[in-house]
Amino acid sequence: MKENNERNTLRHCSYCGKEFQITPKAYHQHLCSDECRRMWHNTHRKTYNGICNYCGKTFTGNKPIKKYCSRECFSRAEFYKQEDIAVLCQKLMKGEACRVPEWIKKLIK
Ligand SMILES: [Zn+2]
Ligand SMILES: [Zn+2]
């Protein structure tokens, strides 16, 4: 029984590959140190790709529900300024390519 336990407490670190001891409590641990944990999470952070609803730029975020690439785009799209609308209308009338927020597109349709 003792032998079995000892075999189970040695593991290879998922980040640096070094062998390290784990306690039965930390059975799922797969990284040898805080440093490796930090590095591993840096390289394995989950990211989601999205397209900004305002400027159309692709961006990566850590939440799948994010709609805008930046705070600025968020506030521009959600609280569109009157002068922005004026510029937008001019562009639309001239047939120029421009980015139109989703809610304005819905109004035009
Ligand atoms: Zn390590
Ligand atoms: Zn944007």
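This note covers a zinc site and an aromatic pair in a predicted model.

1. **The zinc site.** Start with the zinc ion (ligand 1). Four cysteines coordinate the ion: Cys-13, Cys-16, Cys-32 and Cys-36.

2. **Geometry.** Look at the angles next. The four donor atoms subtend 105 to 113° around the zinc ion (ligand 1), so the arrangement is tetrahedral. To count as tetrahedral, four donors need all angles between 85 and 135 degrees. For four tetrahedral donors, the ideal angle at a metal is 109.5 degrees.

3. **Spacing.** Now trace the donors of the zinc ion (ligand 1) along the chain. Their spacing is C-x2-C-x15-C-x3-C. Cys-16 sits in the loop between strand S1 (10-12) and strand S2 (19-21). Cys-36 belongs to helix H2 (residues 34-43).

4. Are Cys-16 and Cys-36 buried or partly exposed? Cys-16 has 40% relative accessibility, so Cys-16 counts as partly exposed. Cys-36 has 8%, so Cys-36 counts as buried. The cut-off for buried is under 20% relative accessible area.

5. **The aromatic pair.** The structure holds one aromatic pair. The partners are Tyr-68 and Phe-74, with ring centres 5.7 Å apart. Their planes stand at 65°, so the pair is edge-to-face. That label applies to planes over 60 degrees apart.

6. Check both partners. Tyr-68 is buried, at 8% relative accessibility. Phe-74 is partly exposed, with a relative accessible area of 38%.

Notes
Residues are numbered from 1 along each chain as its sequence is written. Chains are lettered from A and ligands numbered from 1 in the order in which they are written. This is a predicted model: local features need pLDDT of at least 70, side-chain atom pairs count only at pLDDT 80 or more; totals for chains, interfaces and linings use all residues. Side-chain values use heavy atoms; hydrogens and water are left out. Rings of Phe, Tyr and Trp (its six-membered ring) pair if their centres lie within 6.5 Å; planes under 30 degrees apart count as stacked, over 60 as edge-to-face and the rest as tilted. Buried means under 20% relative accessible area, exposed over 50%, partly exposed in between (1.4 Å probe, protein chains only). Donors are N, O and S atoms within 2.8 Å of the metal (3.2 Å for Na, K and Ca); water is not among the atoms, so sites may look incomplete. Four donors count as tetrahedral if all angles lie between 85 and 135 degrees; four count as square planar and six as octahedral if opposite donors are over 155 degrees apart and all others between 65 and 115; anything else is irregular. Helices (H or I, at least four residues) and strands (E, at least two) are DSSP runs, numbered from the N terminus.
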